[in-house]
Amino acid sequence: MSSSDSVPRPHDAYSTKAKKPTNITPQEKVKALHDIVKRARVGMLTTRNAEGSFHSRAMAPTGPITPYQTHLVFLANNASRKFEEIQNDAHVNVSFCDEKTTSWASYTGIARVSQDKEKISKHWGVGTSIWFGDLGDGIHKGNREDPRVTIIEVIPESIRYWIPAPSKAGRIADIVTSAATGQAATPGRLNTITKEEIEVLRELDAKNVKEAEQTPAKEAEQAPAQEAEHAPAKEEQKVQA
């Protein structure tokens, strides 16, 4: 947990109550986080320019595409101002809000920029080209080979998210009780995925990706052996026929 999260804040009754300790595992936390990101679909990427001013813009991540993924990946136009701001200060924030449920998530981390062709191909979608456009010069065609196409990968240092109480009745009851007792209303729960938990999830994610990459190779190796096992039976069937 970051130093700011660990500092007691007795006068912030809402956050103190909403962050009551739970036995939620990192795997359960990231699943809830993914649900928020997928429902929200679009997040606000915030960067800071050389003068210290913050700028935010709406951007849609390409995932999450793996169960334990904690980082965010965006395909963006490197001719835009945000790349100058990331170069000035790589510390960024990405926030999501699901309007229907009021759930929200906030990623704080470091932005990494690359033009790795393999990664671009992996994250390129059917409608991605419309955000770049064909400039008609034979170079900037708006396809995955366009030199403007660049990946922004946000590596989180901490992630916070808020989810409402499961039922509307439960949320109303919390508000009514709080009004009657004078306590702060917390019709939901505020969770943090700490830096240590993010590292655990990264290791799990890397393991899953590696196993997924090895599966096709194992299947290819097993196929000839299986064919050899069934070959005598096939020959026997021909003789019987």
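This is a predicted model: local features need pLDDT of at least 70, side-chain atom pairs count only at pLDDT 80 or more; totals for chains, interfaces and linings use all residues.

Q: Where is the place of Thr 128?

A: Thr 128 sits in the loop between helix H5 (117-123) and S6.

Q: Is Thr 128 buried or exposed there?

A: Thr 128 is buried, since its relative accessible area is 13%, and the cut-off for buried is under 20%.

Q: Changing topic: how many salt bridges does a search of the whole structure find?

A: The search finds eight salt bridges. One of these pairs is Glu 197 with Lys 29, whose closest N and O atoms are 3.1 Å apart. That pair links distant parts of the chain, with Glu 197 in helix H7 and Lys 29 in helix H3, 168 residues apart.

Q: And are Glu 197 and Lys 29 buried or exposed?

A: Glu 197 is buried at a relative accessible area of 17%, and Lys 29 is buried at 9%.

Q: What does Arg 57 meet in a salt bridge?

A: The side chain of Arg 57 meets that of Glu 85, at 3.3 Å from N to O. Arg 57 lies in strand S2 (residues 54-59) and Glu 85 in helix H4, so the pair ties together parts 28 residues apart in sequence. Arg 57 is buried, with a relative accessible area of 19%, and Glu 85 is buried at 2%.

Q: What about Arg 202 and Glu 199?

A: Their side chains also meet in a salt bridge, at 3.6 Å from N to O. Because Arg 202 and Glu 199 are three residues apart in helix H7, about one helical turn separates them. Arg 202 is partly exposed at 31% relative accessible area, and Glu 199 is partly exposed at 38%.

Q: Now the core: which residues have the most contacts inside the largest nonpolar one?

A: They are Leu 33, Val 94, Tyr 107 and Ile 152, in a core of 26 residues. Helix H3 (26-40) gives the largest share of this core, six residues.

Q: What is Leu 33 in contact with, leaving aside its neighbours within four places in sequence?

A: Leu 33 is in contact with Ala 105, Tyr 107, Ile 159, Tyr 161 and Ile 193.

Q: Lastly, what is the mean pLDDT of the chain?

A: The mean pLDDT is 83, and 71% of the residues reach 70 or more. Over residues 233-241 pLDDT stays under 50, and the model has zero contacts beyond four places in sequence for them.

Methods:
Residues are numbered from 1 along each chain as its sequence is written. Side-chain values use heavy atoms; hydrogens and water are left out. A nonpolar core is a set of buried Ala, Val, Leu, Ile, Met, Phe, Trp, Tyr and Cys residues joined through side-chain atoms within 4.5 Å. Buried means under 20% relative accessible area, exposed over 50%, partly exposed in between (1.4 Å probe, protein chains only). Helices (H or I, at least four residues) and strands (E, at least two) are DSSP runs, numbered from the N terminus. Contact means heavy atoms within 4.5 Å. pLDDT is the predictor's confidence in each residue, from 0 to 100. A salt bridge is a side-chain nitrogen of Lys or Arg within 4 Å of a carboxyl oxygen of Asp or Glu.
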